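Subject: A structure for you to look through

Hi,

Here is the structure I promised to pass on. Have a look at it first, then read my notes below.

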Amino acid sequence: AHQLSADEIVMHGVDFNTHSKLTGEAKKNIIMRDFRNLYHELKKRNVNLYVGSEKSFLSTFLPIKRN
């Protein structure tokens, strides 16, 4: 989306709550690190990254886009 000049990205269906391989601390460390890095890199490029639901694991550290 960024390469297509989007200035706002909302991730839907990316909750990681039932991921079969990423659980516990591994999920917390890997996902939080990677998505935080993505969030900050996009911010540097004036792109806002949101998650679409408060039920998503990502909503613990990414802003939620409310309709």
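Let's start with Ser5: at 68% relative accessibility, this residue counts as exposed (exposed means over 50% relative accessible area, buried under 20%, and partly exposed in between, using a 1.4 Å probe and protein chains only). Ser5 sits in the segment before S1, and its phi is near 75°, a positive value in a residue other than glycine. That's worth a second look, because most residues other than glycine have a negative phi.

Before going on, a word on what you're looking at: this is a predicted model, where local features need pLDDT of at least 70, side-chain atom pairs count only at pLDDT 80 or more, and totals for chains, interfaces and linings use all residues. Residues are numbered from 1 along each chain as its sequence is written, and side-chain values use heavy atoms, with hydrogens and water left out.

How confident is the predictor? The mean pLDDT of the chain is 88, and 100% of its residues reach 70 or more (pLDDT is the predictor's confidence in each residue, from 0 to 100). Confidence is lowest in H1, at a mean of 88, and highest in S2, at 96.

Now the overall layout. Helices (H or I, at least four residues) and strands (E, at least two) are DSSP runs, numbered from the N terminus. Buried residues make up 30% of the 67 residues.

Next, the helix. H1 covers residues 24–44, 21 residues in total, and reaches 30 Å from its first C-alpha to its last, close to the 30 Å expected at 1.5 Å a residue (the expected span is 1.5 Å times one less than the number of residues). Which residues of H1 are buried? They are Lys27, Ile31, Met32, Phe35, Tyr39 and Leu42. These cover an arc of only 105° around the axis, which puts them on the same side of H1 (the arc is that of the directions from the helix axis to the C-beta atoms). The buried residues of H1 pack against strand S1 (8–11) and S2, while the face turned away from the buried side carries the exposed residues Glu25 and Lys44. Just after H1, Asn46 takes a positive phi of about 60°.

Phe16 has a positive phi too, near 60°. Is Phe16 buried or exposed? In the loop between S1 and H1, Phe16 is buried, with a relative accessible area of 19%.

Last stop: Ser59, in the segment after strand S2 (48–51). At 18% relative accessibility, Ser59 counts as buried. Leaving aside neighbours within four places in sequence, Ser59 is in contact with Val51, Ser53, Glu54 and Ile64 (contact means heavy atoms within 4.5 Å). The side chain of Ser59 also reaches the backbone oxygen of Glu54 at 2.9 Å.

Happy browsing!

Terms used:
Polar contact = N/O pair within 3.5 Å; in protein donor to acceptor, adjacent residues only side chain to side chain.
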